[in-house]
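Reader: I have not seen this structure before. Could you take me through it, please?

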Amino acid sequence: MRWIQRLRGAGTVVATAVLLGSSLAVPAAQAAAPPGSPLTDLVNPFIGTENEGNTYPGAAVPFGMVQFSPDTGHNTGYDHSQNHIRGFSLVHLSGVGCGLGGDLPVLPTTGDVTETDYAKYEAEFGHDSERAGPGFYRVGLKNGIEAELTASARTGVQRYTFPATGKANVLLDAGQSLHRTLSTKVEILDSRTVRTAITGSGFCQDTEPYTVYTITRFDRPFTTSGTWNGDTVTEGSKESVGTGRNGAFVRFDTTQDRTVEATTALSYVDARGAALNLRSEGGRSYDAVRAAAHRAWEDRLGTVRARGGSDTLRRTFYSSLYRSFLAPNIGSDADGRYTGWDQRIHRARGFTYYQNWSLWDTYRTQSQLLSLLAPREARDMAISVITIDEDSGWLPKWGYGTVETNIMTGDPVTPFLTNAYQQGLLGGPGDYAERAYRALRKNADGVPPADSPAVGREADEEYLANGFAPYVKDRPHTKPGDSDYDHGASATLEYALSDAMLGAMARDLGHDADAARYAARAGNYRKIFDSSTGFFRARDASGAFTGPADPALSEGFHEGTAWQYQWLVPQDLPGMVDLIGGTRAANDRLDSFFAYDQLLRDPARTAREVWVNGPYEYYNADKYNPQNEPDLIAPYTYLSTGQPWKTTDVVHAALTLFTDAPTGMTGNDDLGTMSAWNVLSSIGLFPVQPGYDTWGLSTPVFERVDLKLDRRYYPRGALTVSAPGSSDHDRYIRSARVDGSPYDRTYLTTGSLRHLRSLSFTVGAEPSGWGTSADAAPPALRPAG
């Protein structure tokens with residue numbers, strides 16, 4: 001299916017799908033913004049809203065607490081293939097795979113209020129009436145109402161233009177959301193103000209409950225108002241408490257003034273926090289808030305200036321850059337208060353507290369991108385994770401709001417925090433490096449107790465005793481979320497990766513005994529290598545290999561197979577290469593994994609028809625899966641096997657999966673993970689050892705990219721990456737220079753990046769000997785053998 005889109009004004013309008021063939025293309029009439037135009041004009045928020053990309057098109061500011069967006073009935077919010085809006089709700093996360101957020105869906109209507117289920121009172125719309133861009137969303141509903149949304153950090157601002165009527169309503173639905181709602185309270189405080197408290201649970205499975213507090217202030221008095229509970233609507237009622245459908249309606253006379261504006265503030269602390277956030281950020285018109293959001297996004301996108309490339313390439317790139325800055329999200333109120341994971345109120349002093357941690361995903365790409373382009377925020381995010389341990393006793397795995405969900409497996413928090421350390425974010429006041437290390441050491445050497453919501457390294461006892469996490473299928477467990485025992489093979493690989501990164505941090509901090517211990521454990525990937533198959537394989541509790549011997553049918557790997565996990569040894573690729581028979585055998589296997597011969601003949605078709613099986617088809621495959629996290633680093637393995645040009649071939653083929661259409665996201669975005677992969681791979685700098693300071697090099701897709709860097713962390717303040725003439729045809733690195741000096745290695749370190757002004761490549765139509773010398777590959781973190 002080929003999607004035709006067009007731009008209208010400063011935002012994007014998504015038009016009708018037209019069946020034109022199997023590839024994705026955009027007509028030439030949809031040109032990129034001319035030089036000097038706002039970068040926000042290049043962003044299409046509708047990318048990923050179909051085919052389970054699970055993105056949202058609504059309004060947010062970078063890392064904001066509020067994501068004000070329409071919900072159409074899809075379990076994560078907005079699905080482009082649907083044509084009814086149930087409400088505009090305040091909380092969404094980009095690319096999550098299960099229902100989450102959707103709190104307080106608000107919808108304008110006319111006439112009497114007779115329905116209380118938003119699946120029944122939903123409003124029809126058409127995509128030709130939609131516009132969206134960074135910081136705003138607008139839609140014309142078929143009931144004649146126009147709805148506009150924008151946001152600040154802690155508020156969502158809405159403007160509704162009604163037809164002339166004496167019964168213009170705004171419905172505020174507290175009892176329905178994208179997660180399981182446990183209880184709600186609705187209060188109409190005065191003739192302009194509605195307050196709610198919404199307690200919910202969920203994200204794939206039930207979690208500990210959390211509460212979101214809201215307060216909505218309208219720009220003029222209601223003519224009347226009321227509440228509903230269940231099926232009963234009571235005009236004049238000021239309060240309603242419920243465990244099911246529960247909400248409020250407010251009514252206006254729009255026979256003269258047809259426009260109604262309102263600001264809704266959010267807090268995860270209490271009603272006082274929501275009111276404080278409203279006072280701090282409210283009181284401005286829709287137009288003023290939208291203008292401020294536009295400026296915030298222009299500043300953020302302006303940290304990267306890409307030149308060259310096609311119009312479509314630039315749109316997909318800047319749209320990915322936009323999504324990379326959507327999360328994690330501010331969790332503290334304007335006064336610094338936040339609800340910790342101990343469910344007590346704390347105050348962040350000297351930093352902004354952040355929440356929403358899809359760590360199994362983001363530790364591979366997005367956390368590194370933020371450390372490069374948003375280091376001040378990335379530092380506060382790392383401090384927030386440290387604070388979770390200090391508040392609740394344990395580090396997070398997958399945190400939503402004020403609770404742990406325990407979704408996904410392994411030990412992703414370790415490379416997340418060691419990355420922050422390696423990127424220089426934990427120095428200075430607060431001794432955060434040592435505080436992070438103490439938390440990580442506890443996490444690596446133990447298991448949270450039964451009364452802790454966290455599971456941590458659930459299989460750590462067996463791992464420490466035997467060197468591997470056993471695969472125990474369907475082992476009963478008392479905490480919500482995923483179990484490392486259900487995915488023992490991949491958990492072993494991820495524990496070993498984390499041990500390597502923690503060992504490097506321990507060495508730097510002078511904890512020599514710990515460093516040696518963790519370095520030894522980093523080799524535990526060998527414990528699950530089955531020499532009879534030449535692949536990793538799960539072991540059961542007795543130590544016997546288990547599951548099918550065919551690596552494409554393997555068991556015990558989370559969202560992948562042994563084929564896809566075979567390269568997840570970034571701490572010791574030379575050791576892994578030796579295990580499978582040396583460099584030639586490794587390259588043969590890589591070529592098979594990427595269908596390399598087919599890829600050379602038709603890169604885009606190979607990516608779409610050989611690699612991609614479906615958004616949730618994780619198993620029974622022997623090929624690269626660019627839609628999911630386990631093998632995101634795999635294309636860069638060729639940097640370590642003497643054939644770096646093949647990394648460029650594979651990466652550039654994978655980049656064709658990103659387009660500027662609603663289907664243009666490869667897999668779930670997972671809070672910016674896939675978007676960050678696109679951004680970093682397009683620039684030609686990729687974190688090949690997540691949790692460490694190594695950046696692999698490949699050919700940029702742009703002729704020049706100028707990065708504006710924070711001088712507190714990068715004294716030069718800027719870095720230019722250039723590849724004049726880079727194209728689909730001329731994509732091979734012939735030579736490289738750093739600040740004008742010849743450079744033959746296939747990687748850089750953060751330490752060297754800090755002092756560089758330029759990284760330049762000469763490219764051509766054929767592979768060369770660049771990067772193939774014995775010392776060109778990224779080094780192992782531990783000796784092989």
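Predicted model: local features only at pLDDT ≥ 70, side-chain atom pairs only at ≥ 80, totals over all residues.

Reader: What is the mean pLDDT of the protein?
Author: The mean is 94, and 95% of the residues reach 70 or more; pLDDT is the predictor's confidence in each residue, from 0 to 100. Over residues 1-32 the pLDDT is below 50, and this stretch has 88 contacts in the model beyond near neighbours in sequence. Contact means heavy atoms within 4.5 Å.

Reader: Which residues of α3 are buried?
Author: They are Tyr286, Val289, Ala293, Trp297, Glu298, Arg300 and Leu301. Buried means under 20% relative accessible area, with a 1.4 Å probe and protein chains only. Helices are DSSP runs of H or I with at least four residues, strands are runs of E with at least two, and both are numbered from the N terminus.

Reader: And strand β6, what does it pair with?
Author: β6 pairs with strand β11 (residues 168-173) in the antiparallel sense over five bridges; two strands pair if DSSP finds at least two bridges between them. Thr109 stands opposite Asn169 in β11. Four of the five residues of β6 (residues 106-110) are buried.

Reader: What is the order of the open sheet of three strands?
Author: The order is β25-β26-β27, with antiparallel pairing. β25 (357-358) and β27 (403-404) stand at the edges with a single partner strand each, so one side of each has no neighbour in the sheet. In the pairing of β25 with β26 (residues 398-400) there are two bridges, and Ser358 stands opposite Trp398.

Reader: Changing topic: is Asn329 buried or exposed?
Author: Asn329 counts as buried because its relative accessibility is 2%. Asn329 lies in strand β21 (residues 329-330). Leaving aside neighbours within four places in sequence, its contacts include Phe63, Leu93 and Tyr353. Asn329 and Ala153 are 176 residues apart in sequence, yet 9.0 Å apart in space, C-alpha to C-alpha.

Reader: Lastly, how many cavities of 30 Å³ or more are found?
Author: A search of the whole structure finds six. The largest cavity has a volume of about 110 Å³.

Key
Residues numbered from 1 in each chain as written. Heavy atoms only, no water. Buried < 20%, exposed > 50% of the residue type's maximum accessible area, 1.4 Å probe, protein only. 1 Å grid on protein atoms, 1.4 Å probe; cavity = no way out; pocket = protein on both sides within 12 Å on 5 of 7 lines; lining within 4 Å. Points joined across faces, edges and corners; volume = space filled by probe spheres on them.
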